[in-house]
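Please open the structure in your viewer and keep the selection panel at hand. The stops below each begin with something to select and then say what is there.

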Amino acid sequence: MSTATLPPITPLTKKDFQTDQEVRWCPGCGDYAILSAVQSVFPELGIKRENFVVVSGIGCSSRFPYYMNTFGFHTIHGRAPAVATGIKAIRPDLEVWVATGDGDALSIGGNHTIHMLRRNVGIKVLLFNNRIYGLTKGQYSPTSEFNKKTKSTPFGSVDRPFNPISLAIGAEATFVARSVDVFQAHLKDTLKQAAAHKGSAFVEILQNCNIFNDGAWFSLTERDARSEHVLQLEHGKPLVFGKNRDKGIRRKTDGDIEVVQLGNGIAESDLVVHDAHHPRPSYAFLLSHMEHRPGFPTPMGVLRAWDDLPRYEDVMNQQIKDVIAKRGPGDLAKLLRAGDTWEVR
Amino acid sequence: MSTITEVPLPKHKREVIDQAVIRFAGDSGDGMQITGSQFTNTVALYGNDIATFPDFPAEIRAPAGTLPGVSGYQLHFASNDVYTPGDAVDVLIAMNPAALKMNVADLKANGILIVNSDAFAENDLRKAQMTSNPLEDHSLDKYRLFSVELERLTKTALEHLGLDAKSVSRCKNFFALGMCYWLYNRSMDPTVRWIEAKFKNKPLLVEANKLAMKAGYSYCEATEAFQISYEIPPAKLSPGFYRNLSGNQALALGFVTASQKSGLRLFQGSYPITPASDILHELSQYKDFGVMTFQAEDEIAAITSSIGAAYAGALAITTTSGPGMALKTEALGLAVAVEIPLVICDIQRGGPSTGLPTKTEQADLLQALFGRNSEAPIPIIAPATPSDCFWAALEASRIAIKYMVPVIILSDGYLANGAEPWRIPDVSKIPDFPVRFATEPNSPEGYLPYKRNPDTLARPWAVPGTPGLEHRIGGLEKQDVTGNINYEPLNHEHMVRIRAAKVAAVVQDIPDVVPVGDAEGDLLIVAWGSTHGAITAAMNAQRALGRKIGHVHLRYLNPLPANLGDVLQRYKKVLVPELNMGQLLWVLRAKYLVDAIGLNKIQGRPFKQAELEQKIEEVLGL
């Protein structure tokens, strides 16, 4: 067969992933930037458009599937990971992405999130974290800071917030990363790394809700502040941060970590070298938690990418194949007549 | 060395009878369910018709010897048709005082009472809250009491095996079983085979259980304890191959069959819950049929994973009981809105809340009909007998796929655990219902996910991975045909009405009802689900007395059969017996303006034939 007779393969473009639906997010919402990044990354993955499925729950972020020209399923509040698990179980070949928010994934759907991660279902999760309930018009969320004053907490919230990254690593997710809506290049690069991961990939995207929680991430996004507060992670590189790249993270003798000023006898070679591929999650957990400590930066990028664990859907399907290989394909007539039977003449 | 074999075989009387009801009762740890199901299997293999009623507590091991710990298994077997497990029992085996106390009231006068007399010490009596020993105080004089030292006799029989005391004691149920086999003149071979398979890797236990059973059998033979044994000839069932089948097994086999006949992979998302878990246990064994079972993290993930699997092209089911049904409510609404096929099995149990986990009830009908926010109609099918669950599973799957709707199967604890002989169908005679997924755009504008089949109103099923059919679905209200989000008032009304019309259209797949018994007359009994057997028995008895009674047993509860309204008019009175406060009654009165009368029992137990007959006579003014 001659290849000359085949029509030329037109590479997909960003436009192929846009729909004719009117986008109904507020002007200035961080979700636009995330949508744009995903629409830019999808055509670069070498996957046929019909094999993408975007699944979501409820909330502003969960409108996402309507704006992606792929198969899409806007489900109910918190349940996207479970719906996506069913899809992956039956069709492991599909590329399933879940769009969710801090309320959807960590509050009402918290159970499904942790179970999807511990099972290592091959689903990419985009957690839009704006630290607020937007669609219900401004109540605090499970990632809102303590003492948050909102419509439902006029005297301040009394809950301690979840750290989504710590939660994901606690559930032993095999890929955990963080990016920001406005860091387009970083976001796209992170999404590509997530796409390359076979198992569950959990990406927290810090997203600005300019209506109900404007500036929630300013300390990490504003040009002046961010280099002091953000630790950009790169596998195999020392943990350095600061405007002048003069600070770093060093191991203490008790196993804990500390922030050190470079110079005066402290060199980069004394710092922790980032190892995203470590099979055990303890180091990544330590990193995930440091931002809560005074003087420590917020890690950004891929905290953990350990891809040696088989995907849940593959194990499930392999088990079926193994049983068929052992027993042969099921014979219905035999099944119905299994066990003790008797004949009436 | 056994002393039993040295005794010459006595001559005893053997009487041929047409039926018997036997109940094994003991502590939860006494193995009564195994004993009962072994006896059942043996008599079924012999060819008797049977109905069973396993009745056990929710606690796995309540304190030994106490009243809440009593577990029972009742079997009705006969040489003629059996419809119920029987109102009263002919033979009661009571392993301890608590079992005796809880069950003896159901034993017929002059019935056979076999008691483990080793379990009647003062302490045992105290645990059962008894002040005097019934074996000595003449309170059991109206029964044929056989006090048997089950503990000691079992110990003697197994002495030479060197087994520990606990394991020896656990064989005493098989001693009792052996006695029953002697009493009803049945072969021990099927149980021997079962013991050998069950304890395959524990040869000592194989030996012990076999010996205990044979010792029980020989004990009867040697001691002339009963003086009489019984023979119940095989029933005249339609020719064919039979097996014993419980409702939950039947559902599992029905879904495997539906998977094969539709050509779709079977996916079951489920969370363990009594009395539905056995469906999961059963289906998880059938991986050679490509069956995928997913034990989800909760009831909600159980149904939503199934929705995902259905969306991806599977025959998807989820199985639960009332409390789980409540948790699945929102997802059921999603399945209605996105119009995908899904079968939900609700194995009803007593409620509200946790209620009576192991006891039966029919009180989820209105939940199944209406238990969702807004207008969200779902077809409902209710099997009438354990083996009917097989056909209900097939039928529900077929309707779900044909109409692109979720379908609810309402079974209950009584059907789930009860067993009956099932004539094994010829699989080649069960029609295929192949599925045609959408493969091409269905309009010049591209693929329209809500463009409907004019006959069924079903929308097309386009699974992910199909080129050119990329589309979005979800729980937000959609425009018909295009599936685009749409909040316009008239569109919403149209969509609500079309979802209702689609479920109503299922009526074209539902046969008209034909009353059993008299086609018109004084009384029509309308019922559904597991009450079928008791109603049939009661009606037959009453008609034999010359009363003009018909019986309609509704298999389809939504939509209702097209001619039901007409049939209701043909009788002077309508009686609706239900194991609830009158839920079908409520529906019939509302829909047909019929002045129907309810008979309602809410005790976690099935109807007795006598209760139904009494009510029939009352309604007929007799």
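Begin with strand β7 (residues 175-180) of chain A, where 6 of the 6 residues are buried, so the strand is largely enclosed by the rest of the structure; buried here means that 20 or more other C-beta atoms, placed from the backbone, lie within 10 Å of a residue's own. This is a predicted model, in which local features need pLDDT of at least 70 and side-chain atom pairs count only at pLDDT 80 or more, while totals for chains, interfaces and linings use all residues. Residues are numbered from 1 along each chain as its sequence is written, and chains are lettered from A and ligands numbered from 1 in the order in which they are written. Helices (H or I, at least four residues) and strands (E, at least two) are DSSP runs, numbered from the N terminus.

Now show the side chains of β7(A): A:Phe175, A:Ala177 and A:Ser179 point one way, A:Val176, A:Arg178 and A:Val180 point the other way, and all are buried. In a regular strand the side chains alternate between the two faces of the sheet.

Then select strand β13 (residues 298-305) of chain A, which pairs with β7(A) in the antiparallel sense over 4 bridges, with A:Phe175 opposite A:Ala305.

Staying in chain A, select β10, β11 and β12, which form an open antiparallel sheet in that order. Its edge strands are β10 (240-241) and β12 (257-261), each pairing on one side only. Strand β11 (residues 247-251) meets β12(A) over 5 bridges, and A:Gly248 stands opposite A:Val260.

Finally, move to chain B and select helix α11 (residues 299-311), where 13 of the 13 residues are buried. Just after α11(B), B:Gly313 takes a positive phi of about 110 degrees. Helix α17 (residues 532-544) of chain B has buried residues including B:His532, B:Ile535 and B:Met539, and just after α17(B), B:Gly546 takes a positive phi of about 95 degrees.

Definitions and conventions. Buried ≥ 20, exposed ≤ 12 C-beta atoms within 10 Å, placed from the backbone. Pairing = 2+ DSSP bridges.
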